Amino acid sequence: MNQEIVTETLDDGAIGLITLNRPERHNALTLAMWRQFADSVRAFGEKAACRVLIVRGAGERAFSAGADLNEIATHRQTPEGAAAHHAVVEDAFRALTDFEQPVIAMIHGYCIGGGCELAVACDLRMADERAQLGIPAAKLGIVLGVDELRRLASLVGVAVAKEILFSGRRFDAAEALRIGLVNQVFPADKLEDATFALARQIAENAPISVDATKALLNAIDRGIPSTELAALQRTFSEQANLAVDARERIASVVSRRERPS
């Protein structure tokens, strides 16, 4: 039996890759897959070499069609079952948002429901021109969690989030780019190269700067008070000042600027 969540490391561990590996079902996520996904994200978080994480779907037709509908129908027969199912799914999203390094969703084809919510929980979203994104919760009688709603509203704005969720319709890649649901769109045969190029560009930068920026932006998004944000920023700045890597990078830039042309 094939593994339904596959993990790899690239570039001497600097890039982590998680693949949703159920292409015959458009990478629909079972409860076991949601759990394994969360465990895999946290495992990468413990790898000191990992600078960037990429999430993708296997095959050419879908990033993910979302949660497995057969399981949803079974688990949501009781309020307790629905709550338990939601807790497992939300834990996977939390693993992504708690991950200290940048996370990139590589989106090709269908990115629907829980699959779209998973992509929204990533930091960046790179899509191919065939991508179809949507969250049809209203068609299924499902109410998203508060954290899921906040992430979506933070990404596209409250008004657009309402349109996405009230209508339950699918957005093609061009429209998803226009409303801010994805960062960039590429031809299908260029998506992988573009995503890995971005990951390598990020991985080459100073980790203290990238990781601190992610933490600060996430704190701003959560509405952390200004005094706490300022204290957090000072802590990160002090860590950066002590980092040999950061000092060497600054010295290198200064040297290049002072070098005669």
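Helix α10 gives the largest share of the lining of the largest pocket, 11 residues. Helices here are DSSP runs of H or I with at least four residues, strands are runs of E with at least two, and both are numbered from the N terminus. Before I go on: this is a predicted model, where local features need pLDDT of at least 70, side-chain atom pairs count only at pLDDT 80 or more, and totals for chains, interfaces and linings use all residues. Residues are numbered from 1 along each chain as its sequence is written, and side-chain values use heavy atoms, with hydrogens and water left out.

Back to that pocket. In all, 33 residues line it, and Thr-97, Asp-123, Lys-214, Leu-217 and Asn-218 lie nearest its centre. Besides α10 (207-221), the elements giving two or more residues are α3 (79-98), α4, β7 (124-128), α6 (146-156) and α11 (226-242). The volume is about 830 Å³, taken as the space filled by probe spheres set on the points, which are joined across faces, edges and corners. The lining divides into 16 nonpolar, 4 polar and 13 charged residues, with Asp, Glu, Lys and Arg as charged, Ala, Val, Leu, Ile, Met, Phe, Trp, Tyr, Cys and Pro as nonpolar, and the others, Gly among them, as polar.

The second largest pocket holds about 560 Å³. Its lining has 30 residues, with Ala-65, Ala-67, Gly-113, Gly-114 and Leu-140 nearest the centre. Elements giving it two or more residues are α2 (69-75), α3, β6, α4 and α5 (137-140).

Now, friends, the sheet. Which order do its strands take? It is an open sheet of 4 strands, β4-β6-β8-β9, with mixed pairing; two strands pair if DSSP finds at least two bridges between them. The edge strands, β4 (62-64) and β9 (171-172), each pair on one side only. Strands β8 (132-134) and β9 pair antiparallel over 2 bridges, and Leu-133 has Phe-171 as its bridge partner in β9.

Last stop: Leu-191, in helix α9 (191-203). Why does Leu-191 count as buried? Because its relative accessibility is 3%, and buried means under 20% relative accessible area with a 1.4 Å probe, protein chains only. Leaving out residues up to four places away in sequence, Leu-191 touches residues including Met-106, His-108 and Phe-186, where contact means heavy atoms within 4.5 Å.

Terms used:
On a 1 Å grid over the protein atoms alone, a cavity is a set of points where a 1.4 Å probe fits but cannot get out, and a pocket is an open set with protein on both sides within 12 Å along at least five of seven lines; lining residues have an atom within 4 Å of a point. Buried means under 20% relative accessible area, exposed over 50%, partly exposed in between (1.4 Å probe, protein chains only).
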